[in-house]
Amino acid sequence: MQVHQKISSGAQFFALCSLLLITLLVSILTSAQASAQEQLDNIDTYIDGTIEAQMILEDIPAVTVSVVKDGKLIFSKGYGLADIEEQEPVNAETSLFRIGSTSKLFTWTAVMQLHEKGQLDLNADVNQYLDFKIPATYEQPITLRHILSHTAGFEDGGLGYLIHYFPDKGPELADAMEMYIPTRVNPPGEVSSYSNYATALAGLIVQNVSGIPFNQYVEENIFAPLNMKYASFNEPLSDSMDEHMVKGYTRELGKFAEQPFEMINAFGPAGGASASADAMAKFMIAHLNNGEFNGNRILEEETAERMHSLLFTADERLSGGMAHGFYITDYNGHRIIGHGGDTMQFHTDLAIEKDQNIGIFVSYMSTVSNAARNNFVKQIYDHYFPQPLEQLSPPSDFSERADKYAGSYTFWRRNVSSIEKALGIMGGSIDVVPTEENTLMVGGLNDTRQFVEVDDNLFRQVDGTEKITFVSRSGDGIDTMYFESYPFMGMERTPTFETGLFKLLLPTFILLLFLQVVISWFYQRKHYKTLPSANRSLVYSALWMSLSHLVAVILLVGIVLGYQDALYSGIPFILKAALVLPIIAVLLTLFSIYTYVQRIKAGEASTLSQIYYGVVLLAGVYMAFYYYYWNILGWNYY
């Protein structure tokens, strides 16, 4: 009896201790949850302050935001004016913003829906779903897996046809995909390089396989089940939707001037959607719930989980990578899947964190920059979920291997086959320079930052969380670079002729030389008239050659700077006409070479004069090659 009582007392004591421990754990968890919930309850105050400051500092007329948590819309609000003339405020429920490439998430969702039904094989050659053929540049065919991860290997393109402002012009999706097939510059699966064309091609595949137009497919299979009343891929919008469209503005003569509606219909699946913040909240909830919203499913749970899983990464040590269409980033240790989007007038971001069941959507009407969009989600995570930054010490022996990383890197996302390549002349590269502090200084993307080695070919920002990795694709030294926050934008070592020396410094020197030739003629024209025939012919041919090169370059640069982004809506006649000038300059260069040879035969020049005009003619030959290399020689529009 006494033994039984002792056992009972012991059991009661153990049970009491267990109960106290469980109570303590529940209390801690409840307190943490309450604290987190309290933070989210106050998110309206934080977002109000952030957006209002951004609107003032960056001259932004209109913004919309929605935040979801645990399957509910916990915050949505519009800021500024949807129509300045009518003084109509932005409404988060009904005001439509152009969401640019965030539209791609609907295209990827549609692809996964058809894959789920067994109608699309992600590993099949995409040509089997098309009425035309993607050229077999490489042995490996392009698949939807490559397109979903931006590893199809296409060059970038869009000059003259990506965005326009004419409702009744521009090819339809199927015609555009066949008309504007980009050059394949990498074997599929090797390098991640963002491609609007590849995404639009996926939209065409959805259209071909489903048997209904892409816009209709998304309306019936995504928008309708999610009750996304204020969302559309139609361009132009229907009258009933157009009355809810936020107008685009840019400052002209010191005031906001209304801009026309941007048409992306030829590449619609890559960026043509218009949507309200509340509509996008429903889409975020559906993906957070692995395909379900209010009892309606757009994806089965297994399919959604696969869609959100990693498909491509340049380095498994990076937190960033490509899921099946979503890109994966890391904010303070939190895994985020999402997608940004830009048009000329709107800048958008969507971010989903499944671990905490949070989704954030923001869209800005701004023609100034996309800086606000780039920072918004990161600012929220820095405020509510800060993470202490681990301090790193550079390896003392890093200088022994630093040089293998040094150099200039250029994004693979660029054009190589058309005149659009020439825009890269003014485009910046990423410069990697070793420092005396045993770090790498990296500049050219945003502000210059220093990175410290944390593992083999892996670096972390000294005063931040950004990581970069270097890869040797060829096996013969470092040739590729990735930023963790840009998993869809691999970089290669800049080709020699595209480095600053050859694309800017040397041409600048040459143009100054040509200018000297022209100026010297004004001072010595009387003397030149007295020269022997062969000498005089060379002087005048060199003069006209120099003048033609100067006029060609100045006029082309002026046109590009004058039109800027408008060039993506069409090639203006003035540019077409100006492209005659490089041809004339090349012909005059050839004629100058002829006159130079004739003068040598005549023996009428001094050695110094021969050297001088020899240098001038070499400069002309260099510029002829320069035009050819950058696709300026001729009319290489598409």
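Which residue stands opposite P434 in β18? In this predicted model, the residue opposite P434 in β18 is L440. Residues are numbered from 1 along each chain as its sequence is written, and side-chain values use heavy atoms, with hydrogens and water left out. Because the model is predicted, local features need pLDDT of at least 70 and side-chain atom pairs count only at pLDDT 80 or more, while totals for chains, interfaces and linings use all residues. Helices (H or I, at least four residues) and strands (E, at least two) are DSSP runs, numbered from the N terminus.

**Strand pairing**

- Two strands are said to pair if DSSP finds at least two bridges between them.
- Strand β17 (residues 430-434) pairs with strand β18 (residues 440-443) in the antiparallel sense, over four bridges.
- Five residues lie between β17 and β18 in their hairpin, and N438 in the turn has a positive phi of about 65°.
- Strand β18 also pairs with strand β19 (residues 449-455), again in the antiparallel sense, over three bridges; M441 has Q450 as its bridge partner in β19.
- The hairpin of β18 and β19 likewise has five residues between the strands, and G444 takes a positive phi near 125° there.
- Two bridges join β5 to the antiparallel strand β8 (residues 274-275), where A275 stands opposite A231.

**Second largest pocket**

- A pocket is an open set of points on a 1 Å grid over the protein atoms alone, where a 1.4 Å probe fits, with protein on both sides within 12 Å along at least five of seven lines; lining residues have an atom within 4 Å of a point.
- The second largest pocket has a volume of about 600 Å³, a volume being the space filled by probe spheres set on the points, which are joined across faces, edges and corners.
- Of the 26 residues that line this pocket, A422, I425, M426, V557 and V560 are the closest to its centre.
- The elements that give two or more residues to the lining are α13 (500-528), α14 (533-563) and α17 (607-629); α14 gives the most, with six residues.
- By class, the lining has 23 nonpolar, two polar and one charged residues, where Ala, Val, Leu, Ile, Met, Phe, Trp, Tyr, Cys and Pro count as nonpolar, Asp, Glu, Lys and Arg as charged, and the others, Gly among them, as polar.

- Helix α16 (residues 580-602) has 23 residues and reaches 33 Å from its first C-alpha to its last, close to the 33 Å expected; the expected span is 1.5 Å times one less than the number of residues.
- Buried means under 20% relative accessible area, exposed over 50%, and partly exposed in between (1.4 Å probe, protein chains only).
- The buried residues of α16 are P582, A585, V586, T589, S592, T595, Y596 and R599, and they pack against α14, α15 (573-578) and α17.
- G603, with a positive phi near 60°, follows α16.
- P532 is found in the loop between α13 and α14 and is partly exposed, at a relative accessible area of 37%.
- The C-alpha atoms of P532 and R599 are separated by 9.5 Å, although these residues are 67 residues apart along the chain.

**Q345**

- Q345 is found in the loop between β13 (334-342) and β14 (346-353) and counts as buried, at 5% relative accessibility.
- Not counting residues up to four places away in sequence, Q345 touches Y165, G248, Q259, P260, E262, Y364, M365, S366 and T367, contact meaning heavy atoms within 4.5 Å.
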